[in-house]
Amino acid sequence: MASAFLCSKTLRSSFWAQVGALLLSFVSAMPAVVVSAMEHYPEFHLSFQGLLFLAASFCHAPVWIYIALFHGGRLITSFSRGPAGSAPAKERSRVQEWKFVEECLGALARNPLDAGHREQLADSYLRLGALDSAISEYRKAADSLDTGPEQARLMYRAVYICVERRMSVKNALPLLRRMVRLYPRSYYAAYARRILNRYEAYESAGLLDSENADWWDSGAEPRT
């Protein structure tokens with residue numbers, strides 16, 4: 001199994017191949033578990049053959065470790081994709097980017113709940129500098145998912161762009177409070193609380209009048 005996984009990228013990335021490998025390894029390990037639990041053959045456990053049998057039962061460990069790292073890496077990647085407010089490196093011209101936007105819109109017309117195409121559309125809008133459209137698409141992508149790390153990440157991207165790029169905390173308040181409510185122990189909630197606490201402190205001090213309604217303190221102070 002380890003050799004097959006090593007030689008074939010398609011096989012080792014297949015969900016069903018991973019499930020089959022786990023089932024096969026557990027079935028193969030059952031004899032070792034049964035024999036180890038028997039007390040009738042203590043001399044077997046201490047013999048050279050017994051040690052070889054025990055070692056063979058651990059030969060499945062590389063496959064288990066790979067599968068654990070594979071899914072653990074995907075989870076970590078979902079939380080650590082580059083800074084949300086910075087657009088990825090431009091790999092397309094503006095004309096090509098707009099064509100890609102049209103392709104995404106066509107795919108979403110067929111399946112409005114496709115979070116993957118929705119996020120790609122938001123990324124394209126972000127690269128094109130259409131911040132309001134990018135924020136809107138990230139929010140829609142988050143709304144199309146059930147609660148989970150992917151939804152939290154998409155909400156964070158929308159909030160980050162709204163706060164750090166659009167400099168508008170007021171428009172981000174509903175999403176900020178939603179992140180705190182749904183994911184209270186996450187990094188995203190900690191970020192949201194920091195912004196909310198600062199905003200509410202200035203608001204209670206009367207520093208956020210109509211002129212400063214959309215102010216955000218990226219190292220500066222609100223206008224007086």
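Let's start with helix α9, residues 131-143, in this predicted model. It has 13 residues, so at 1.5 Å a residue it should span 18 Å.

Now, which residues of α9 are buried? They are L131, A134, I135, E137, Y138, A141 and A142. Around the axis these residues cover an arc of only 165 degrees, so they sit on the same side of α9. And what covers them? The cover includes α8, residues 115-128, and α10, residues 149-165.

Staying with α8 for a moment, please find D123, which lies in that helix. Is D123 buried or exposed? Its relative accessible area is 15%, and because buried means under 20%, D123 counts as buried. What does D123 touch, once we leave aside its neighbours within four places in sequence? The contacts are Y138 and R157. You'll remember Y138 from the list of buried residues in α9.

Last topic, friends: the cysteines. C104 has a relative accessibility of 1%, so it counts as buried. C162 is buried as well, with a relative accessible area of 7%. How many disulfides does a search of the whole structure find? The search finds 0. As a reminder, a disulfide is a covalent bond between the sulfur atoms of two cysteines.

So, if you have the model open, turn to α9 and look at the side that holds its buried residues, then look for α8 and α10 among what covers them. Thanks, everyone!

Note on methods
Residues are numbered from 1 along each chain as its sequence is written. This is a predicted model: local features need pLDDT of at least 70, side-chain atom pairs count only at pLDDT 80 or more; totals for chains, interfaces and linings use all residues. Side-chain values use heavy atoms; hydrogens and water are left out. A disulfide is a pair of cysteine sulfur atoms within 2.5 Å. Buried means under 20% relative accessible area, exposed over 50%, partly exposed in between (1.4 Å probe, protein chains only). Helices (H or I, at least four residues) and strands (E, at least two) are DSSP runs, numbered from the N terminus. The expected span of a helix is 1.5 Å times one less than its number of residues. The arc is that of the directions from the helix axis to the C-beta atoms. Contact means heavy atoms within 4.5 Å.
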